[in-house]
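New page in the notebook. I'm going through this model from the whole chain down to single residues, and jotting down what I looked up.

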Amino acid sequence: MLIDFGDVGSGTVSLDPITLELCLYFHPQFTPVSAAWLHGLDADNWNLLDQYAASMPRPQFVKDCRAWAHEVAASGREVLASAYAYLVRQLKYPDTDKALAQRLLESVKKTIYSTYD
């Protein structure tokens, strides 16, 4: 399966479902659509799936992407690393919401430290 032809390379298996989930906020074609509901996004709690997904207009989509990521990943740590890598990469693009990326990054980091520290 190929999600982003412009960014092809070897990576973790869980990167595809995480990319699909997170592109809702950062992909240029989705950004105008998502702008209306981004203000209610619980970005500080990406790790608390039920709470986080409830802040989304399509919570089941988010839950399905995350379930897929955990199903194919070698570990929960891989899913977190995939999310972190995707979000860090968003910081290089000039037209992305840097504040949102940083809030999501902090949530992922919080989970890494609380789970694996």
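Started with burial: 38% of the 117 residues in the protein chain are buried, where buried means under 20% relative accessible area, exposed over 50%, and partly exposed in between (1.4 Å probe, protein chains only). Residues are numbered from 1 along each chain as its sequence is written, and side-chain values use heavy atoms, with hydrogens and water left out.

**Confidence.** I checked pLDDT (the predictor's confidence in each residue, from 0 to 100). The protein chain has a mean of 84, and 83% of its residues reach 70 or more. Helix α4 comes out highest at 95, while α2 is lowest at a mean of 61. Reminder: where pLDDT is low, the predicted coordinates should not be read in detail.

**Layout.** I count six helices and zero strands in the protein chain, going by DSSP runs numbered from the N terminus (helices are H or I, at least four residues; strands are E, at least two). For contacts I use heavy atoms within 4.5 Å. Of those between residues at least 6 apart in sequence, 62% join residues at least 24 apart. The chain exposes about 6800 Å², with carbon and sulfur atoms supplying 57% of it; these areas are Shrake-Rupley with a 1.4 Å probe, and for residues only the protein chains shown count as cover.

**Helix α4.** Residues 59-72 make up this helix, 14 in number, and it reaches 20 Å from first C-alpha to last, close to the 20 Å expected at 1.5 Å a residue. That expected span is 1.5 Å times one less than the number of residues. Its buried residues are V62, C65, R66 and A69. They fall within an arc of 95° seen down the axis of α4, so they line one face of the helix; the arc is taken from the directions from the helix axis to the C-beta atoms. What do the buried residues of α4 pack against? I find α1 (15-26), α3 (49-54) and α5 (76-90).

**Y52.** This one sits in helix α3 and counts as buried at 0% relative accessibility. Leaving out residues up to four places away in sequence, Y52 touches E21, L22, Y25, L41, D42, N45, W46, V62, R66 and L104. I also took the C-alpha to C-alpha distance from Y52 to D42, ten residues apart in sequence: 5.3 Å.

**N45.** Its place is in the loop between α2 (31-38) and α3. Buried or exposed? N45 is buried, at a relative accessible area of 15%. Beyond its neighbours within four places in sequence, N45 is in contact with Q51, Y52, S107 and K110.

**V88.** Last stop: V88 lies in helix α5 and is partly exposed, with a relative accessible area of 38%. Its C-alpha is 7.5 Å from that of L105, 17 residues apart along the chain.

Note on methods. This is a predicted model: local features need pLDDT of at least 70, side-chain atom pairs count only at pLDDT 80 or more; totals for chains, interfaces and linings use all residues.
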